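I opened my notebook to look up a few spots in this structure.

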Amino acid sequence: MTATAPPETTYAIGLDVGGTKIAGGVIDSTGRILHRLQVPSPSDEGADTTLAALTDLVARLRALHPEVTALGVGAAGMISWPTGHILTAPNNAYRDLPLQELLSRRTGLPTVVENDANAAAWAEARLGGGVGYRNVVAVTVGTGLGGGLILDGALFRGQSGIGAEVGHLAINPAGGVTCGCGSVGCLEAHASGTALGRRGREAASNNPDGLLATLAGGADNVTGETVFAAARRGDRISRDLFDELGYWLGAGLACLVNVFDPQTIIIGGGLVTTSDYLYPPTQDSFRKHVFAGTQRTLPPIVFAELGAQAGLVGAALLAMERQLAPAA
């Protein structure tokens, strides 16, 4: 069923391009989702098939809402700003893809292509847990770990658009854990769903008769979800793994606060559902590692409010805002 909005409202399409699915929605200027569609990501993930899938999804949404005037895309990877050129995307097959130019040409809509974590952070800052603040750190903890920075009311992108890669803070370079990016000791490699699964498999291998290995049907099958399920059943090893994950996440948040001194920290992503086990050790580690923690007012750590829709909402808002911005 399609919602309605006042005729004076601006509309844009927002797309959230993931490794397994592409979500799209028609968004109004208040952030309301008027219509949402989702399709699987192309199996070969090549540039041509991805572009075709995005173009088709835009066409379907425009057929439902011909009043849309802009297109915003949130996609994983290193994306140049303001050209929207994807330099590389670790979890997708395409490289060196001028996605913004191609989509604008094919759809005829003014288009913005932004890093997906930046788009989600912007949505939370404008409409979610960051409302009322001008300096916000937003971190998404799921399969990987991403984030975005709102500094003095503006989305921080760095010199070329690839700043704020908070998941690749080198918090433990001597630890020997290689990240998916190829570096060693990244925050993502220690404080993500992937990290939780890896540590769970290691723990299950050392205790093949324990609950983790039993629930998974073998140590090699343990995932982050297995660790969560075992923790809920009181498994001490699994709860220790959450303590370890929270330790590194808290240390990473402390690094960000030491540098940027935000008013609030927003945590979103799939691991938010494990907050009973993740939040306490994260808070403890954060307070331990933050600079001058006993002499300052620490920013609260709050949970994201927009959930899985944050990426497409943020992308649409950025597209509308660029469209309405005065010409330079």
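**Strand S8.** I looked up strand S8, residues 111–115, in this predicted model. Five of its five residues are buried, so S8 is largely enclosed by the rest of the structure. Buried here means under 20% relative accessible area.

Which strand pairs with S8? I found strand S4, residues 71–75. S4 and S8 run in the parallel sense, and five bridges join them. I also noted one bridge by residue: Ala75 has Asn115 of S8 as its partner.

**Asn118.** Next I turned to Asn118, which sits in helix H3, residues 116–127. Is Asn118 buried or exposed? I read a relative accessible area of 1%, so Asn118 is buried.

I then checked what surrounds Asn118. Its side chain makes a polar contact with the side chain of Glu114, at 3.1 Å. Leaving out residues up to four places away in sequence, Asn118 touches Gly147, Gly148, Leu155, Phe156, Arg157 and Ala164.

**Gln295.** My last stop was Gln295. I found Gln295 in the loop between helix H9 (275–289) and strand S13 (301–303). Its relative accessible area is 65%. The cut-off for exposed is over 50%, so Gln295 counts as exposed.

What does the side chain of Gln295 contact? I noted a polar contact with the side chain of Thr294, at 2.6 Å. I also looked up how far Gln295 is from Val68. They are 227 residues apart in sequence. In space they are 50 Å apart, C-alpha to C-alpha.

Conventions
Residues numbered from 1 in each chain as written. Predicted model: local features only at pLDDT ≥ 70, side-chain atom pairs only at ≥ 80, totals over all residues. Heavy atoms only, no water. Buried < 20%, exposed > 50% of the residue type's maximum accessible area, 1.4 Å probe, protein only. Helix = DSSP H or I, 4+ residues; strand = E, 2+ residues; numbered from the N terminus. Pairing = 2+ DSSP bridges. Polar contact = N/O pair within 3.5 Å; in protein donor to acceptor, adjacent residues only side chain to side chain. Contact = heavy atoms within 4.5 Å.
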